[in-house]
Amino acid sequence: MQIKVVKLYEKGFMTQPFAMGGEDGEEKFDRKIKYRSSLQNYVIDTGNEVILVDTGLPSETPPFTADPDSSIYIGSKIRDYVDALKEAGYTPDKVSKILITHKHEDHTGELRAFPNAKVYIGPEDADAMNLNGPNIVHATYKDGPYYNFPFSQKIADGVYFIKACGHTNGNSLIIAEKDGLFFLFHGDITYTDEALYENKLSIVYENKAAARETLDNVREFIKNHPTVYLSTHTPLGIENLEELRVVDLGKPTATLPLEDIVYTTASGRYVCSVCGYVYDPDLGDSSQDVDPGTPFSELPVDWKCPRCRQGLDKFNPA
């Protein structure tokens with residue numbers, strides 16, 4: 001088995017309130033503290049088949065503009081998903097299965113590039129996305145407990161799809177076993193590894209109680225198994241894989257300074273940092289009676305992202 005990174009965005013940041021304020025409240029944390037952010041997905045090559053974990057943002061997503069006041073800035077694009085997958089050594093026709101951690105567009109954006117792959121996804125998220133077709137597999141978690149996780153489904157030898165609700169109602173995580181290590185692909189159970197060590201939820205979840213239970217289960221698993229923690233939104237995910245770094249919850253990985261951030265001119269469009277929805281003032285938002293021609297700055301204060309229901313403060317200029 002080989003595990004590889006699909007590198008998509010780099011040199012971003014997230015604030016401490018965003019990463020850790022989900023239970024205690026954002027006001028308990030310091031906006032001046034920022035952690036490195038990025039966007040990457042992963043490939044599990046079993047030797048018999050190529051399995052993807054998530055499929056990045058749609059290729060047409062406009063570039064994000066860095067704003068020092070943003071809660072999270074994913075970073076600047078390295079390459080589109082399919083090109084990044086080729087950089088990792090794979091073409092779409094070689095992919096047999098795709099394991100989706102959850103429905104947000106930065107994890108599902110290029111499913112369309114793999115019409116012949118079987119797509120495994122939690123049933124609640126599949127329904128929310130209206131995903132249908134012969135290649136869509138609603139996870140049944142028919143194989144029962146996987147260690148301390150109550151519900152799992154075996155995907156291939158050494159690869160397990162595990163129910164892990166909270167961030168979304170159909171959220172899942174994936175564990176791959178290799179050479180005595182457990183590689184845990186978790187989507188957004190935490191946005192940064194610092195939150196894992198501090199035992200803090202981010203502010204993004206659909207069910208807080210379930211998100212807490214899932215994080216508790218993840219930490220309990222890590223305490224009892226040598227685990228490489230593979231994150232989506234921090235370069236620590238890449239570094240953990242490269243170094244085969246096993247999590248020790250009592251010894252947090254050092255927080256490194258932010259990388260150089262490239263500041264660019266805004267276009268007037270805004271992108272949701274949670275799900276990738278693009279607000280275009282030329283189009284407005286008919287679902288919330290926002291007329292075409294309405295600038296982002298003039299949206300009602302209670303306006304929500306039409307896709308994931310996050311507020312104005314979760315949007316970045318594009």
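A search of the whole structure, which is a predicted model, finds 20 aromatic pairs. I shall present two of them in some detail.

One of these pairs joins Phe149 and Phe221, whose ring centres are 5.5 Å apart, with 40° between the planes, a tilted arrangement. Where do the two residues lie? Phe149 belongs to the loop between β8 (136–138) and β9 (152–156), while Phe221 is part of helix α6 (residues 208–224), so this pair ties together parts that are 72 residues apart in sequence. Are Phe149 and Phe221 buried or exposed? Phe149 and Phe221 are both buried.

Another tilted pair is made by Phe296 and Phe315, at 5.6 Å centre to centre and 45° between the planes. Phe315 is in strand β16 (315–317), and Phe296 is in the loop between β15 (278–279) and that strand, so the contact ties together parts that are 19 residues apart in sequence. Phe296 counts as buried because its relative accessibility is 13%, under the 20% cut-off. Phe315 likewise counts as buried, at 5% relative accessibility.

Let us return to Phe149 and Phe221. Together with Tyr146, Tyr147, Tyr160 and Phe182, these two residues form one aromatic cluster.

Finally, I turn to charged groups and rings. The charged end of Lys34 sits over the ring of Phe13, at 4.3 Å from its centre. Lys163, in turn, lies over the face of Phe151, 5.3 Å from the ring centre.

Thank you for your attention.

Conventions. Residues numbered from 1 in each chain as written. Predicted model: local features only at pLDDT ≥ 70, side-chain atom pairs only at ≥ 80, totals over all residues. Heavy atoms only, no water. Phe/Tyr/Trp six-rings, centres within 6.5 Å; stacked < 30°, edge-to-face > 60°. Helix = DSSP H or I, 4+ residues; strand = E, 2+ residues; numbered from the N terminus. Buried < 20%, exposed > 50% of the residue type's maximum accessible area, 1.4 Å probe, protein only. Lys NZ or Arg CZ within 6 Å of the ring centre and 35° of its normal.
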